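Subject: Handover of a structure and notes on its contents

Dear colleague,

Please find below the structure that I am handing over to you. My notes on what was found in it follow directly after it.

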Amino acid sequence: MARVGLTPERLTQAGAELADEVGFEQVTVSALARRFDVKVASLYSHVKNSQDLRTRIALLALTELADRAADALAGRAGKEALAALANVYRDYAREHPGRYAAAQLRLDPRTAAASAGVRHAQMTRALLRGYDLTEPDQTHAVRLLGSVFHGYVSLEMGGGFSHSAPDTDDTWARILDALDTLLRNWPEPPTDPRG
């Protein structure tokens, strides 16, 4: 019989909070059972296993991020939209480091296709339409933005920039300026040297 008050949603939320406290990789069904002071077996009527719990947390994080991004992007275009989207990722990672890590979890294709990750891609592509990028350059730019946002945030959170000046906020602003300049001046594809 399921324990009163425990639901998949409540366990997912508690798992997300635990991830922010101890790190996403430390989240297991056993750790969650300790948090609720229940036997591990009592949670298996709500989640299949630790991987299922982690997937649920990843889906929650993707949804939270997509909701924040949609709010931040509303009515914005160009550099203003670029900065808004970038700041959503950076702020979320700072506020919810475990959930941010969860959002990077590799999902199986069916789960990914049904996740809020699709909304992230749609919003990024909408932002890029303001820069007049078409395929395949739009896909290249989506990958560039994701790489820069995630790379910077990961290095910053790991302390990679804490040992030197200038301030990381100054660098972040300059990176966004550089990305805007690049997107407005996207290079032409190379010509085929074979003729």
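Asp-132 has a relative accessibility of 68% and counts as exposed, where exposed means over 50% relative accessible area, buried under 20% and partly exposed in between, with a 1.4 Å probe and protein chains only. This is a predicted model, in which local features need pLDDT of at least 70 and side-chain atom pairs count only at pLDDT 80 or more, while totals for chains, interfaces and linings use all residues. Residues are numbered from 1 along each chain as its sequence is written, and side-chain values use heavy atoms, with hydrogens and water left out.

Asp-132 is placed in the loop between H7 and H8. Its phi is near 60°, a positive value in a residue other than glycine. Asp-37, which is not a glycine either, has a positive phi of about 55°. Asp-37 sits in the loop between helix H2 (29-36) and H3 and is exposed, at 69% relative accessibility.

One joins Glu-135 and Pro-136, with omega about 0°, and Pro-136 belongs to the loop between H7 and H8. The other runs from Ala-165 to Pro-166, with omega near 5°; Pro-166 is in the loop between H8 and H9.

Overall architecture

The protein chain contains 9 helices and 0 strands. Helices (H or I, at least four residues) and strands (E, at least two) are DSSP runs, numbered from the N terminus. The C-alpha atoms occupy a box of roughly 65 × 40 × 40 Å along the principal axes. Of the 195 residues, 41% are buried. Among contacts (heavy atoms within 4.5 Å) between residues at least 6 apart in sequence, 69% join residues at least 24 apart.

UniProt annotations

The unreviewed UniProt entry lists "domain: HTH tetR-type" at residues 5-65. In the model, this span is 64% helix and 0% strand, and its end C-alpha atoms lie 27 Å apart. UniProt positions are in the numbering used here, feature names are shortened, and annotations may be inferred rather than shown by experiment.

Residues in helix H1

Thr-12 lies in helix H1 and, at 9% relative accessibility, is buried. Its side chain reaches the backbone oxygen of Pro-8 at 2.7 Å. Beyond its neighbours within four places in sequence, Thr-12 contacts Leu-53, Arg-56, Ile-57 and Leu-60.

Asp-20 is also placed in helix H1 (residues 8-22). The side chain of Asp-20 makes a polar contact with the side chain of Arg-99 at 2.9 Å. A polar contact is a pair of N or O atoms within 3.5 Å; within protein, one must be able to donate a hydrogen and the other to accept it, and residues adjacent in sequence count only if both atoms are side-chain atoms. The Asp-20 side chain also reaches the backbone nitrogen of Gly-98, at 3.0 Å. With neighbours within four places in sequence left aside, the contacts of Asp-20 are His-96, Pro-97, Gly-98 and Arg-99.

Ala-141, in helix H8, is buried at 0% relative accessibility. Neighbours within four places in sequence aside, Ala-141 contacts Leu-128, Leu-133, Leu-183 and Trp-186.

Thr-168 is found in helix H9 (residues 168-184) and is buried, with a relative accessible area of 17%. Residues up to four places away in sequence not counted, Thr-168 touches Arg-90, Arg-94, Tyr-152, Glu-156 and Phe-161. Thr-168 and Tyr-152 are 16 residues apart along the chain, and their C-alpha atoms are 9.6 Å apart.

The largest pocket

A pocket is defined on a 1 Å grid over the protein atoms alone: it is an open set of points where a 1.4 Å probe fits, with protein on both sides within 12 Å along at least five of seven lines, and lining residues have an atom within 4 Å of a point. The largest pocket has a volume of about 670 Å³, a volume being the space filled by probe spheres set on the points, which are joined across faces, edges and corners. Its lining comprises 26 residues, with Leu-62, Tyr-89, Ala-103, Gln-104 and His-120 nearest the centre. H8 supplies the largest share of this lining, 7 residues.

With kind regards
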